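Visitor: I would like to go through this model term by term. Please set each value against its definition.

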Amino acid sequence: MDKIVIDGGNRLEGSVRINGAKNAALPIMAACLLLHGPSRIKGIPNIVDIQTQSDILRNLGGEVKKAEDGTLEILFRDGENNDKFTAPYELVRKMRASICVLGPLLSKRRRAKVSYPGGCVIGQRPIDLHIKGLTALGAQIETTEGYVNASADRLIGTKISFTGKTVLGTCNVMTAAVLAEGTTTIEYAACEPEVQDLANFLNKAGAKITGIGENKLIIEGVQELHGVDYEIIPDRIEAGTFIIAGAITKGNITLENARAEHLGAVIDKLQEIGVEITASDNTITVKGNDAYHAVDLMTLPYPGMPTDMQAQFMALLSVVEGKSIISEKIFPDRFIHAAELRRMGADIRVDGPSAIIRGTPFLSGTEVMISDLRAGAGLVLAGLVAKGTTQIHRIYHLDRGYERLEERLSRLGAAIKRM
Ligand code: EPU
């Protein structure tokens, strides 16, 4: 099995281009089920989760083609394949986000059978809120033999009030409501940039969604949606990961195609730590230095600190003098990487949903194992700064969400290779 090997200590310099957002691309691809005519989606990253989503859509009768520049053309032919409404276990188990075909399938094919996504190492990951929202629109939903079985003769707009914020739950209800009869209001909707991107995509296709980026989404049902050309937003988590790569190596790097307005909480926290960050147009520049301070941070729904940046911050704070506390409010058990960072010499104590980090002067390279995508990003960042050689195993987690991470870091000057 492949592994990543890093000889730590190199300062990163140069520029890197940020890819389109995985978590925007996945629900947008699923939403193509709703459209009449082909769509061309630009900026899709070349990562394993996109291949899995393409397989799920092909299994539902979709034609998914990739152009040379990476643009995906997706077409579902109207009236064909209505008997295909299953997302099977073999595909869903590879990627929990495949649950986002539930809303589009229910809307367009009136039936959906989606393998019930299991928990994962970052936490329990229930889908009760997805079910609550879709049931309120008129779907009948039951779980049998490990599948969510949903059907609906009609979907009728209504008022839905989520009791907790859910990104993909909001996406599922939004995609089910765009072609429903009447108006749907989602209160306490997730407002992550990826959810906004899905809403903007649907509006370009003819939907009538207002309140985008706010807590209350209003969706007026329309009769039909058409295929569109669309470019997805840059990946804020990939950008945040590269920013911390610049910071932790005390380097000087520039990110192209990065939107600072999506990274407010991340940039504010890094500036509090002492990292110099400047942003203009779609460019972010990071300058590291020797004088960082310990900080406390708490992950929260957008616009708060993203949980998908927690492991990367933990890697950085492991080498920042003083005591930092990370409180994980989204996935309270998302700390498996702490044990691996400890193997590298970090002083981290996990206490329930919090991690207390006492910065050490240096980390030492050793063999570590990735438990999930973002934990992997955290370990790579730790490896960049550790003394000696770090060998990182189970890198298939990284390939799910980062395109050729080691090549891009190597171009910035890191001594990193895949073996
Ligand atoms: N939750 C419920 N009930 C539900 C749904 C969620 O209680 O029905 C809870 C979860 O247990 C969690 C919280 O709500 O405590 C937030 O979960 P959410 O539903 O927002 O997560 P998600 O939609 O399954 C997306 C991203 C994750 C990211 C989270 C939080 C995609 C494909 N995935 O997951 O991304 O961590 O939002 O921002 O968009 C990643 O990219 O590595 C990743 C894990």
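Visitor: Which residues have the most contacts inside the largest nonpolar core?
Guide: Leu202 and Leu225 do, in a core of 74 residues. A nonpolar core is a set of buried Ala, Val, Leu, Ile, Met, Phe, Trp, Tyr and Cys residues joined through side-chain atoms within 4.5 Å. This is a predicted model: local features need pLDDT of at least 70, side-chain atom pairs count only at pLDDT 80 or more, and totals for chains, interfaces and linings use all residues. Residues are numbered from 1 along each chain as its sequence is written, and side-chain values use heavy atoms, with hydrogens and water left out.

Visitor: What does Leu202 touch, not counting residues up to four places away in sequence?
Guide: Its partners are Ala31, Leu34, Met174, Thr175, Val178, Ala207, Ile209 and Leu225. Contact means heavy atoms within 4.5 Å. A second, separate core has 66 residues, including Ile284 and Leu341.

Visitor: Why is Thr184 counted as buried?
Guide: Buried means under 20% relative accessible area, exposed over 50%, and partly exposed in between (1.4 Å probe, protein chains only). Thr184 has 0% relative accessibility, so Thr184 counts as buried. Thr184 lies in strand 12, residues 183-187. Beyond its neighbours within four places, Thr184 is in contact with Leu137, Gly157, Thr158, Ile160, Ala177, Leu217, Ile218 and Ile219.

Visitor: Why is Arg40 called partly exposed?
Guide: Its relative accessible area is 35%, so Arg40 is partly exposed. Arg40 is found in strand 4, residues 39-42. Among the residues that Arg40 touches are Glu73, Asp229 and Tyr230.

Visitor: What makes helix 4 mostly covered?
Guide: Seven of its eight residues, 102-109, are buried. They are Leu102, Gly103, Pro104, Leu105, Leu106, Ser107 and Arg109. These buried residues pack against helix 1, strand 8, helix 5, strand 10 and helix 6. Helices (H or I, at least four residues) and strands (E, at least two) are DSSP runs, numbered from the N terminus. The protein comes to 14 helices and 26 strands.

Visitor: Where do positive phi values occur in loops?
Guide: Tyr188 has phi near 65°, in the loop between strand 12 and helix 7. Arg394 has phi near 60°, in the loop between strand 25 and helix 13. Tyr188 is partly exposed at 40%, and Arg394 is partly exposed at 37%. Just after helix 4, Arg110 takes a positive phi of about 65°. Most residues other than glycine have a negative phi, and most peptide bonds are trans.

Visitor: Which residues does a cis peptide bond join?
Guide: Tyr302 and Pro303, with omega about 10°. Pro303 sits in the loop between strand 20 and helix 10.

Visitor: How do you know that the radius of gyration agrees with a compact globule?
Guide: The radius of gyration is taken over C-alpha atoms, and the globule rule is 2.2 Å times the number of residues to the power 0.38. For 419 residues a compact globule would come near 22 Å; the protein has 21 Å, so the value agrees. The C-alpha atoms fill a box of roughly 65 × 45 × 40 Å along the principal axes.

Visitor: How many of the residues count as buried?
Guide: Of the 419 residues, 56% count as buried. Residues 24 or more positions apart account for 73% of the contacts with a separation of 6 or more.
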